[in-house]
Amino acid sequence: MTETISYKLGAFEGPLDLLLHLIAKNKLNIYDIQISLLLDQYMEQIDRMREENLEIASEFLEMAARLVYIKTVSLLPKSEESEELKKELTGQLLEYQECRRIAALLAEHVSFDSFVREPGKLDVDQTYTREHLVKELTEAYYAAVGRGGRKLPPPAEAFSGIVEHKIVSVSSRVFHVLRTLRRGACSLNGLIESSRSRSELIATFLAVLELIRAERIFLEDNGSVTLNTERSAEHGDYAGTSSD
């Protein structure tokens, strides 16, 4: 008749710890483990944990599956795999048993509370001891100066190129284009290239587009620009007007 084993789960750190307890209780030979007996008692404890609604760690269930597999393989005739699996399990149990023995010896002599030391006061030396090349220091200086300069407002000279430029209106260039075409057809490039500034160039180009849209002038495929005489007569052709 098998002796009923009662214990608290908290006393075991894992499945190997539980197996060593069962082997000791049943006085089994660790080098020749009776898997059937060990499995029955191991599963009995798993069921007891479930009845008490205890959280079963995955490693305990993994060991249960491992024991079931070893028992299944051992039922096969001339199964060498079962012997290998049992040897592997025995080696792990012996290794764990030795580690537990050494841990118990160390626990008698070593404790986390054995060595206590009050925190010492450290003298902080704030002296900068790193060495740098002259080139590195120069680059760091210019980088720092550049960051400081970006925070300042831009100088007045930065706006001189914008404020001093004459703003040319599109309407003034409309008069210019019509006056030029009264003297005869000319090329679009000629109208554009006659501009003396960027503002005048843009205004001239927009004036040409406006006149083409209003059908006051024609732009041929070869790039020549001619005056629409019929529309010019209707609008008076801006004769004699100059607003450059």
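The chat below goes through helices, cores and a sheet.

Tutor: Keep in mind that this is a predicted model, in which local features need pLDDT of at least 70 and side-chain atom pairs count only at pLDDT 80 or more, while totals for chains, interfaces and linings use all residues. Residues are numbered from 1 along each chain as its sequence is written, and side-chain values use heavy atoms, with hydrogens and water left out.

Student: OK, how many residues does helix 3 have?

Tutor: Helix 3, residues 58-74, has 17 residues and reaches 24 Å from its first C-alpha to its last, close to the 24 Å expected at 1.5 Å a residue. Helices here are DSSP runs of H or I with at least four residues, strands are runs of E with at least two, and both are numbered from the N terminus; the expected span is 1.5 Å times one less than the number of residues.

Student: Which residues in helix 3 are buried?

Tutor: They are Phe60, Met63, Ala64, Leu67, Ile70 and Val73, where buried means under 20% relative accessible area, with a 1.4 Å probe and protein chains only.

Student: And what covers the buried residues of helix 3?

Tutor: The cover includes helix 1 (15-25), helix 2 (35-51) and helix 4 (80-109).

Student: Which residues have the most contacts inside the largest nonpolar core?

Tutor: That core has 23 residues, and those with the most contacts inside it are Leu19, Tyr42, Leu67, Leu89 and Leu93. Helix 1, helix 2, helix 3 and helix 4 each supply at least two of its residues. A nonpolar core is a set of buried Ala, Val, Leu, Ile, Met, Phe, Trp, Tyr and Cys residues joined through side-chain atoms within 4.5 Å.

Student: What does Leu19 touch?

Tutor: Leaving aside residues up to four places away in sequence, Leu19 touches Leu38, Tyr42, Met63, Leu67, Leu89 and Leu93, with contact meaning heavy atoms within 4.5 Å. There is also a second, separate core of 13 residues, which includes Val177, Ala207, Leu211 and Leu227.

Student: Changing topic, in what order do the three strands stand in the sheet?

Tutor: The order is 1-3-2 in an open sheet with antiparallel pairing, where two strands pair if DSSP finds at least two bridges between them. Strand 1 (186-187) and strand 2 (217-219) are at the edges with a single partner strand each, so one side of each has no neighbour in the sheet.

Student: What stands opposite Ser187?

Tutor: Ser187 stands opposite Ser224 in strand 3.

Key: Buried < 20%, exposed > 50% of the residue type's maximum accessible area, 1.4 Å probe, protein only.
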